[in-house]
Amino acid sequence: MAIQIDTLKGIPYFAGLGDAELKSIATLMFEKKVDRGEMLLLEGEPVDAIYFVGAGVVKIFKTSADGKEQILDILRPGASFADVPVFDGGPAPASAQAMGPVVIYGIRKNNLETIIGEHPRVALNMIRVLAARVRHLISLVEDLSFKRVIGRVAKILLEHADNGVAEQKPRLTQQDMAAMAGTAREVIGRSLKALEEEGAIRLDRSRIVITNKQALKAIMELPA
């Protein structure tokens, strides 16, 4: 299936490129559809292509020797993954898994080099994307090191709340939130109850309803 030009316009790597340039890039890309739970990358395995989320949501995570999971990022349409191993030639530093039905687009390493040579603007866009990712990871380290668990949970809720915008949001379980906050599921449950007592959220069966964003923001800034 041919990849639509409008789809590529939503990918930061290709920002600022004209339709003719995007059309030539699309000929070097492939599409893949996967089901919920399917692994897209395995930590430590070789990688020969860079991927972009076309539809759906993908989680990037690391797994400890004892099976504990730490989610590093939740990727929505337009986001890329497997950039680092394609650029440095090493193995995948983290795993990637579909959180629901997902469409991804890929570019093989040799084709990526061709694209960069023919469209230098892509290289500048890549630098910006990777710089933003470094900032995200620094923020994650800061949160895990200096914020209380309840503050981390408040931040997760604010970042992944459904604000009525036509944007794909993942449906996070308490286990997902635990893997993002670097704690146990039971601690997440206690934190959610505490946030409800503070009037920041309301627990409605399997749904979490934000009732006071300002309260959540204040709790998010609490030091450890």
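The model is predicted, so local features need pLDDT of at least 70 and side-chain atom pairs count only at pLDDT 80 or more, while totals for chains, interfaces and linings use all residues. Residues are numbered from 1 along each chain as its sequence is written, and side-chain values use heavy atoms, with hydrogens and water left out.

**Helix α8**

Helices (H or I, at least four residues) and strands (E, at least two) are DSSP runs, numbered from the N terminus. Let's start with α8, residues 185-197: at 1.5 Å a residue, its 13 residues should span 18 Å, and the end C-alpha atoms are 19 Å apart, which agrees. The expected span here is 1.5 Å times one less than the number of residues.

Which residues of α8 are buried? They are Ile188, Gly189, Ser191, Leu192 and Leu195, where buried means under 20% relative accessible area and exposed over 50%, with partly exposed in between (1.4 Å probe, protein chains only).

Contact means heavy atoms within 4.5 Å. The axes of α6 and α8 come within 9 Å and cross at roughly 75 degrees, with axes being lines fitted to C-alpha atoms (for helices over the stretch in contact) and angles running from 0 to 180 degrees between N-to-C directions. The two helices are therefore roughly perpendicular, a label for angles of 65 to 115 degrees. Among the residues making this contact are Val153 of α6 and Leu192 of α8.

**The strands**

Two strands pair if DSSP finds at least two bridges between them. Here are two such pairs:

| Pair | Sense | Bridges |
|---|---|---|
| β3 and β8 | antiparallel | six bridges |
| β9 and β10 | antiparallel | four bridges |

β9 and β10 form a hairpin with two residues between them, and arginine 205 in the turn has a positive phi of about 55 degrees. Isoleucine 201 stands opposite isoleucine 210 in β10.

The other pair belongs to an open sheet of four strands, in the order β1-β8-β3-β6. β1 and β6 stand at the edges, each with a single partner strand, so one side of each is left without a neighbour in the sheet. Helix α4 packs on this sheet, touching β3 and β8.

Note on methods: Angles under 35 degrees count as roughly parallel, over 145 as roughly antiparallel, 65 to 115 as roughly perpendicular and the rest as oblique.
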